[in-house]
Amino acid sequence: MRSRVWGGTAAVVLGCLLAAGCGGGGKDTADKTVGKDGSAVSGAHPATITDCMGAKTTFSAASKKIVTSNASSLELLLRLGAGDKVIGTGFPPGKGALPGELDGQAQKVKVLSRSVIPKEKLLGSGADLYIDTFASMGSMGGGMGDAPTEEEFKAAGIKHIYLKSTACAATGKSPVTDLSAVEADITALGAVTGTSAKAKELVAGMKETVDAVQKAVGGTAESKRPTYFFFDYDAGTKQPSVTCNRQVANAVITLAGARNVFADCNGDYKQVDWEKVIAKNPDWIQLGVRNRGSEAANEKAFGDAEKWLKSNAATKGLKAVKEGHFLHIGSEQTTIAGVRNADTVKEIAKTLYPGKVG
């Protein structure tokens, strides 16, 4: 995943990735080997996972000292019940931005950097594992600062793995239309942290949610599915940044029974001119804003995004704007790979297909 700087608040995209919900659950002591797709295979130690290019990382035991590159990977570990293994993070979530117990746990994690963790601090952190959300394979750091080389990670005794559902998105060879990569990441993290039982539970819950939506609306003919635009308000309004078909949001939108108007764009994100959005003339627009830390602040941000679309000469004539077809659903749960993607599928489908999705 490349680095992107948001307009408005001038924060780097993954800087305030937030999450909702928290999974506890007991530790699973069964050892796993994880295949190329990230799925766990029963067997004895070592546990082995692969990156986008097929390179293997082997774990002789569950990791005990983990550093996360940002709050998205931190969220997954908290949900797995492995928060006690995290000794530091970059891009921490803001206080109050995560709900309940999850927020309390996140605030206790040592902040190694408010943005990208400096190379020297990361290598000297004492970690035995670094979970990287940012990089694209073949380009260490993916533009996210002066990242250590794999040789430097090895010399420091730190294993380096990626969230494949995000770090490898731009290198994918086909559109992302399901959540299998996210589920594979959860399974892989469960294997390397000794929480495979909880990982299995989380994945099963996601599948159950999505399967119910698919049962209700999955048979809708492509031509009958409403067109859908994710308006990335926090990325700036001068030139919209759109979610393409390699981004997890494409899967979320597709599974919800809609048609991403930029599904013909190969890659994860792309900046386009407003003329291209106008030409698409979507039926529905999701007002994608980041969590501001409270319901009131979030609603204000949604309102600001809606007001901008209604007052801007280039967008006020769009079908969705004239009909008031807006969805107030946060950016993180839509564009950041995680457990909440499944909940967002359901939330979108309930709006687009009233009465069909429970």
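1. Contacts around Met-206. A contact means heavy atoms within 4.5 Å. Leaving out residues up to four places away in sequence, Met-206 touches Leu-179, Val-182, Glu-183, Ile-186, Gly-338, Val-339 and Ala-342. Met-206 sits in helix H7 (residues 196-217). Helices (H or I, at least four residues) and strands (E, at least two) are DSSP runs, numbered from the N terminus. Met-206 and Leu-179 are 27 residues apart in sequence, with 8.7 Å from C-alpha to C-alpha. Is Met-206 buried or exposed? Its relative accessible area is 2%, so Met-206 is buried. Buried stands for under 20% relative accessible area, exposed for over 50%, and partly exposed for values in between (1.4 Å probe, protein chains only).

2. Basis and confidence. This is a predicted model, where local features need pLDDT of at least 70, side-chain atom pairs count only at pLDDT 80 or more, and totals for chains, interfaces and linings use all residues. Residues are numbered from 1 along each chain as its sequence is written, and side-chain values use heavy atoms, with hydrogens and water left out. The pLDDT is the predictor's confidence in each residue, from 0 to 100. For the protein chain it averages 85, and 83% of the residues score at least 70. Residues 1-33 have pLDDT below 50; the model still gives this stretch 120 contacts beyond near neighbours in sequence. Residues 35-44 are also below 50, with 26 such contacts. Where pLDDT is low, the predicted coordinates should not be read in detail.

3. The disulfide. A disulfide here is a pair of cysteine sulfur atoms within 2.5 Å. How many disulfides does this rule give? The count is one. Cys-244 and Cys-265 form it, with their sulfur atoms 1.9 Å apart. The torsion about the S-S bond is about 60 degrees, so the disulfide is right-handed. Cys-244 lies in the loop between strand E11 (241-243) and helix H8 (248-255), and Cys-265 in the loop between strand E12 (259-260) and strand E13 (269-271), so the pair ties together parts 21 residues apart in sequence. Cys-244 and Cys-265 are both buried.

4. Helix H8. Seven of the eight residues of H8 are buried. They are Val-248, Ala-249, Asn-250, Ala-251, Val-252, Ile-253 and Leu-255. At the start of H8, a side-chain oxygen of Gln-247 comes to within 2.8 Å of the backbone nitrogen of Ala-249.

5. Strand E3 (residues 47-50) and E4 run antiparallel and are joined by four bridges. Two strands pair if DSSP finds at least two bridges between them. Ile-49 stands opposite Thr-57 in E4. Five residues lie between the strands of this hairpin, and Gly-54 takes a positive phi near 90 degrees. In a regular strand the side chains alternate between the two faces of the sheet.

6. The parallel sheet. Which strands make up the open sheet, and in what order? Four strands form it, in the order E12-E10-E14-E15, with parallel pairing. E12 and strand E15 (326-327) are the edge strands, each pairing on one side only. E10 pairs with strand E14 (residues 284-288) over five bridges, in the parallel sense. Tyr-228 has Trp-284 in E14 as its bridge partner.

7. Aromatic pairs. Rings of Phe, Tyr and Trp (its six-membered ring) pair if their centres lie within 6.5 Å; planes under 30 degrees apart count as stacked, over 60 as edge-to-face and the rest as tilted. The structure holds eight aromatic pairs. The ring centres of Tyr-130 and Phe-153 are 5.8 Å apart and the planes at 20 degrees, so this pair is stacked. Tyr-130 is in strand E8 (residues 129-132) and Phe-153 in helix H4 (residues 150-155), 23 residues apart. Tyr-130 is buried at 7% relative accessibility, and Phe-153 is buried at 2%.

8. Phe-229 and Trp-274 form an edge-to-face pair, with 6.5 Å centre to centre and 80 degrees between the planes. Phe-229 lies in strand E10 (residues 227-232) and Trp-274 in helix H9 (residues 274-280), so the pair ties together parts 45 residues apart in sequence. Phe-229 and Trp-274 are buried. Ring pairs join Phe-229, Phe-231, Tyr-233, Phe-262, Trp-274 and Trp-308 into a cluster.

Technical notes: A polar contact is a pair of N or O atoms within 3.5 Å; within protein, one must be able to donate a hydrogen and the other to accept it, and residues adjacent in sequence count only if both atoms are side-chain atoms.
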